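Please give me a short briefing on the structure below.

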Amino acid sequence: EEMVATFHEFHNSLSSMEAMLAPYLDLPLDEMYEALSPIEQAKSELVTAYTVNSLYWGFLTTQGVTLDQHPLKKEMDRIQKYMRKVKLLESEMEGVRPPTGHNPPTHQTIDKYAAARFIKRGIQKEESLKVKQEREAQKR
């Protein structure tokens, strides 16, 4: 009886999900994408990729596959990274700061002026070192 009740719950959940997805499933994919903004398109693609990979993850788990070193783990991590990037981009577009604890991808930038100072000082030290060595060599 308990198993039958669980299957009925599952069936009801699937039915309600079908009802929620019906408007999207009735439209051709091209028409649906035309109605979405580029950021919404990216989010839709990422959610689709993540869902498919999650289902495959579940299947592999039921087959007893260890997923710690499986390539699927890297793919899931890659998708999550892009989800964070899209979320950060969306926050920036709305002018909202990302939530506390959010680790946005780090972008390294080069301060040209600081780099020029380092190089200039390095060259000056090199030249002064050569001059000192030449003076010491002349003294000998």
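Phe10, Leu14, Met17, Met20, Leu21, Tyr24 and Leu25 make up a nonpolar patch on the surface, and together they have about 760 Å² of accessible area. This is a predicted model, in which local features need pLDDT of at least 70 and side-chain atom pairs count only at pLDDT 80 or more, while totals for chains, interfaces and linings use all residues. Residues are numbered from 1 along each chain as its sequence is written, and side-chain values use heavy atoms, with hydrogens and water left out.

**Surface patch**
- Patches are made of residues with over 30% relative accessible area and no salt bridge; like charges are joined within 9 Å, and nonpolar side chains (Val, Leu, Ile, Met, Phe, Trp, Tyr) within 5 Å.
- Accessible areas come from the Shrake-Rupley method with a 1.4 Å probe, and for residues only the protein chains shown count as cover.
- Met17, one of the patch residues, is found in helix H1 (residues 2-26).
- Met17 has a relative accessible area of 42%, so this residue is partly exposed.

**Overall fold**
- The chain has 5 helices and 0 strands, in the order α-α-α-α-α along the sequence.
- Helices (H or I, at least four residues) and strands (E, at least two) are DSSP runs, numbered from the N terminus.
- Of the chain's 140 residues, 11% count as buried.
- Buried means under 20% relative accessible area, exposed over 50%, and partly exposed in between (1.4 Å probe, protein chains only).

**Largest pocket**
- The largest pocket holds about 410 Å³ of space.
- Its lining has 14 residues, and the closest to the centre are Leu21, Tyr24, Met32, Ser44 and Thr48.
- H1, helix H2 (29-34) and helix H3 (38-62) each supply at least two lining residues, and H3 gives the most, with 5.
- By type, the lining residues are 10 nonpolar, 3 polar and 1 charged.
- Ala, Val, Leu, Ile, Met, Phe, Trp, Tyr, Cys and Pro count as nonpolar, Asp, Glu, Lys and Arg as charged, and the others, Gly among them, as polar.
- A pocket is an open set of points on a 1 Å grid over the protein atoms alone, where a 1.4 Å probe fits, with protein on both sides within 12 Å along at least five of seven lines; lining residues have an atom within 4 Å of a point.
- Grid points are joined across faces, edges and corners, and a volume is the space filled by probe spheres set on the points.

**Salt bridges**
- There are 2 salt bridges, each a side-chain nitrogen of Lys or Arg within 4 Å of a carboxyl oxygen of Asp or Glu.
- Glu90 and Lys43 form a salt bridge at 3.1 Å, N to O.
- Glu90 lies in helix H4 (residues 71-94) and Lys43 in helix H3, so this pair ties together parts 47 residues apart in sequence.
- Glu90 is partly exposed at 22% relative accessibility, as is Lys43 at 34%.
- Arg78 and Glu75 form a salt bridge, with their closest N and O atoms 2.8 Å apart.
- Arg78 and Glu75 are separated by about one helical turn, because they are 3 residues apart in helix H4.
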